[in-house]
Amino acid sequence: MNHLYFDEKTGVRYEDIEKFENEIDIIKKEFSNLSPNDAIWSFEDNVLEVPSNMTNINYDAVSLVDYYQNSYKKNIFDIFFILIEDMRYYKSNCKIELEK
């Protein structure tokens, strides 16, 4: 994951799009081998159990690939691949920020 948050000001550079896409693909494959029981909520806050009432969690998921979802029921990898398509189309960087 060396390039996902490479530069806090510019984000993932357009020039690194291939590396970025490869890293996302590797992470997706690794997540597909993990059960939802392997999910950890927050290392920073030392909260290991995922709360049972979160709207962005698919509690029926078979693997961690489909566990985290947005309000449109797209998993995080679907969203990353849409971002990558947009980066290619606009030939632009992509800054990934925490949703507030």
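## Helices, cores and salt bridges in a predicted model

S63 touches F31, S32, L34 and P36, leaving out residues up to four places away in sequence. The model is predicted. S63 sits in the loop between helix 1 (17-32) and helix 2 (76-90). Its relative accessibility is 12%, and S63 therefore counts as buried, the cut-off being under 20%.

**Helix 2**

At 1.5 Å a residue, its 15 residues should span 21 Å, and the C-alpha atoms at its ends are 21 Å apart, so the two values agree.

Which residues of helix 2 are buried? They are F77, F80, I84 and M87. These residues lie on the same side of helix 2, because they cover an arc of only 70 degrees around the axis. Helix 1 is included in what covers the buried residues of helix 2. On the other side of helix 2, E85, Y89 and Y90 are exposed.

Leaving aside neighbours within four places in sequence, N75 is in contact with V65, D66, Y68 and Q69. Is N75 buried or exposed? With 5% relative accessibility, N75 counts as buried.

K73 is found in that loop between helix 1 and helix 2 as well. Its phi is near 65 degrees, a positive value in a residue other than glycine. K73 has 54% relative accessibility and counts as exposed, because the cut-off for exposed is over 50%.

Helix 2 is followed by K91. K91 has a positive phi of about 50 degrees, although it is not a glycine. K91 is exposed, with a relative accessible area of 58%.

In soluble globular proteins, nonpolar side chains tend to be buried together. In this model, the largest nonpolar core has 11 residues: V12, I17, F20, I24, I27, V65, F77, F80, I84, M87 and C94. Helix 1 and helix 2 are the elements that give two or more residues to this core. A second, separate core has 6 residues, among them A39, A61, L64 and Y67. The buried residues of helix 2 (F77, F80, I84 and M87) are part of the core of 11 residues.

**Salt bridges**

How many salt bridges are there? The count comes to 4.

| Pair | N to O distance |
|---|---|
| R13 and D16 | 3.1 Å |
| E21 and R88 | 2.7 Å |
| K29 and D25 | 3.3 Å |

In the pair of R13 and D16, R13 is partly exposed at 34% relative accessibility. D16 has a relative accessible area of 6% and is buried.

E21 forms a salt bridge with R88. E21 lies in helix 1 and R88 in helix 2, so this pair ties together parts that are 67 residues apart in sequence. E21 counts as partly exposed at 22% relative accessibility, and R88 is partly exposed with a relative accessible area of 32%.

Where do K29 and D25 lie? Both are in helix 1, 4 residues apart, which is about one turn of the helix. K29 counts as exposed at 52% relative accessibility, whereas D25 is partly exposed with a relative accessible area of 31%. Elsewhere, salt bridges that share partners join E18, E21 and R88 into one network.

Methods:
Residues are numbered from 1 along each chain as its sequence is written. This is a predicted model: local features need pLDDT of at least 70, side-chain atom pairs count only at pLDDT 80 or more; totals for chains, interfaces and linings use all residues. Side-chain values use heavy atoms; hydrogens and water are left out. Buried means under 20% relative accessible area, exposed over 50%, partly exposed in between (1.4 Å probe, protein chains only). Contact means heavy atoms within 4.5 Å. The expected span of a helix is 1.5 Å times one less than its number of residues. The arc is that of the directions from the helix axis to the C-beta atoms. A nonpolar core is a set of buried Ala, Val, Leu, Ile, Met, Phe, Trp, Tyr and Cys residues joined through side-chain atoms within 4.5 Å. A salt bridge is a side-chain nitrogen of Lys or Arg within 4 Å of a carboxyl oxygen of Asp or Glu.
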